[in-house]
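Trainee: I would like to understand how the labels used for a structure follow from its values. Could we go through some of them together?

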Amino acid sequence: TMLSPPQVQWNFTGGLALGLQMDVVTRTLRKVVADILSDLLVVPNQIFVHWLEGHAIDIDMDILEFPEPEIVMRLCVCGVEGLDLDSYAHSCGWGCYTAQLSSYVMLQLGARNCQTPAIRSSESEGWFDLLVYTGDQHVNVEVFSQDITYQDVHLGIVEGLTVQNLVQQPEWKWPLSQRTDRGSEDKAMKVELSAKFFHLSPTSEFVPTGKGNADTQAFLFVHLRSCRGIKDDFCEGARIRFKVGDEEVLGKSSYYHPMVDDTAIATPTQKMVEHLWETSDLPEKEMMKLIVEMTGLSPEEVSSIVHSRPTFTMRWGQFVAIGVKDVDGMSVQISLELKKMPGVGYAKLEEPITADRLMEAEDWVLDQPIALKPDLMASGNRIFHSDEIELNARFKLRCVSMHKR
């Protein structure tokens, strides 16, 4: 995985080189390539290689496969100063608008992108909540102008800014570096940023008051692992849709992981082992000994079943972070959308997962298979499942908090 999006640079040659080297074209191409790479490799996205198959006892594989953020940074773009009158025709502070020019700021931290409005109606519109995984993460801050023809012009970028810099200087005017020399050395542009930092905690006692867009009370972290019950031919390209209040998040497409044909371990036996492991309160080593005695399987076979989940043939391996505006009234609705039926929920959660249910769980973590009920009316009475549909995911609720627990 990468902490920050890569900086992509290239040169064009050939007959189309002149047109492709225009600023608006090259910036668009860089953004498309960077977005693709971010979606694959920039935190929280990653490529995880499991090298401990069958030997993962006493190791929390979720921590390795799904790294979670450490803190929340509430960042505000307060203003931009020092725009050159000769170069840009008008003096333009943050969010100002004239007949010819307005400005806006693009922020990026990890795979998250934010943009301030070009015309701001209130000061609170410059605030954003950003999840931080490490203090070494780069915070990309770029300023653009937009004239009456809506042509974007890149004005400058804050070079080398990290989260740690904002921790050390939470209220500061950061100089902007220009990609091209516009002859404005005596009027260096600066962008003023204000940063506040909060903990992520399993308590709702110390949630700070929101500001503008930065009004998240909590985050629901979902470790989206796998699903079983869908026929093999339809396991590829399925997606999970989460809905929390007005916010909807659509997961990535699934891939098909065929179950190993091992006649020594029948599917019902594997399901029994999984059920015993999930419902027992015994320590792992004692549970392992009990299952070995009950089934006659070896510890290696039990470990492989528990951690590889071979009966779950539809897989994602994705980390999803969902912002929650009202933690007390939170409810999570889940639907499974097959590639054959895009935008249609083939199977859905019968009852939403509520905040009360998560808060009653130990450490506000719910980790057990969840049954999804097929909606045959939505599918036109077409049946794409061969068994009970179960979603294997881990849900963790964490409140934005002014105090660390």
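Predicted model: local features only at pLDDT ≥ 70, side-chain atom pairs only at ≥ 80, totals over all residues.

Trainee: Why is helix 6 called roughly antiparallel to helix 7?

Mentor: The axes of helix 6 and helix 7 come within 10 Å and cross at roughly 150°. An angle over 145 counts as roughly antiparallel, which is why helix 6 is described that way relative to helix 7. The crossing of helix 6 and helix 7 is right-handed.

Trainee: What lies in the loop between helix 6 and helix 7, and how do you know whether Leu282 is buried or exposed, or something in between?

Mentor: Leu282 is found in that loop, between helix 6 (267–279) and helix 7 (284–295). Its relative accessibility is 40%, and because buried means under 20% and exposed means over 50%, Leu282 counts as partly exposed. Together with Leu290 and Met294, Leu282 forms a nonpolar patch on the surface, and the three have about 260 Å² of accessible area together.

Trainee: Why does Trp364 count as buried, and what is noted about its backbone?

Mentor: Trp364 has a relative accessibility of 10%, and because the cut-off for buried is under 20%, Trp364 falls on the buried side. Trp364 is found in the loop between helix 9 (355–360) and strand 17 (365–367), and it has a positive phi of about 60° although it is not a glycine.

Trainee: Why does Asn381 get the label exposed?

Mentor: Asn381 has a relative accessibility of 62%, and because exposed means over 50%, that label applies to Asn381. Asn381 lies in the loop between strand 18 (370–374) and strand 19 (385–401), and Asn381 has a positive phi of about 65° although it is not a glycine.

Trainee: What makes the contact between Asp387 and Lys271 a salt bridge?

Mentor: Side chains of opposite charge can pair when their charged atoms come close. For Asp387 and Lys271 the distance is 2.4 Å, N to O, and because the cut-off is within 4 Å, the pair qualifies as a salt bridge. The pair links distant parts of the chain, with Asp387 in strand 19 and Lys271 in helix 6, 116 residues apart. Asp387 is partly exposed at a relative accessible area of 38%, and Lys271 is partly exposed at 26%.

Trainee: How do you know that Glu350 and Lys373 form a salt bridge, given the value of 3.8 Å?

Mentor: The value of 3.8 Å, N to O, is still within 4 Å, and because that is the cut-off, the side chains of Glu350 and Lys373 are said to meet in a salt bridge. Glu350 lies in the loop between strand 15 (347–348) and strand 16 (353–354) and Lys373 in strand 18, so the pair ties together parts that are 23 residues apart in sequence. Glu350 counts as exposed at 61% relative accessibility, whereas Lys373 is partly exposed with a relative accessible area of 48%.

Trainee: How many salt bridges does a search of the whole structure find, and which residues are joined into one network?

Mentor: The search finds 13 salt bridges. Salt bridges that share partners join Arg228, Glu274 and Glu390 into one network. Arg241 and Glu248 also meet through their side chains in a salt bridge, at 3.1 Å, N to O.

Trainee: Why are Arg241 and Glu248 called partly exposed?

Mentor: Arg241 has a relative accessible area of 23%, and Glu248 has a relative accessibility of 42%.

Terms used:
Residues numbered from 1 in each chain as written. Heavy atoms only, no water. Helix = DSSP H or I, 4+ residues; strand = E, 2+ residues; numbered from the N terminus. Buried < 20%, exposed > 50% of the residue type's maximum accessible area, 1.4 Å probe, protein only. Patch = residues over 30% accessible without salt bridge, like charges linked within 9 Å, V, L, I, M, F, W, Y side chains within 5 Å. Areas by Shrake-Rupley, 256 points an atom, 1.4 Å probe, with all protein chains shown as cover. Axes fitted to C-alpha atoms, helices over the stretch in contact; angles between N-to-C directions. Parallel < 35°, antiparallel > 145°, perpendicular 65-115°, else oblique. Left-handed = near helix turned anticlockwise from the far one by under 90°.
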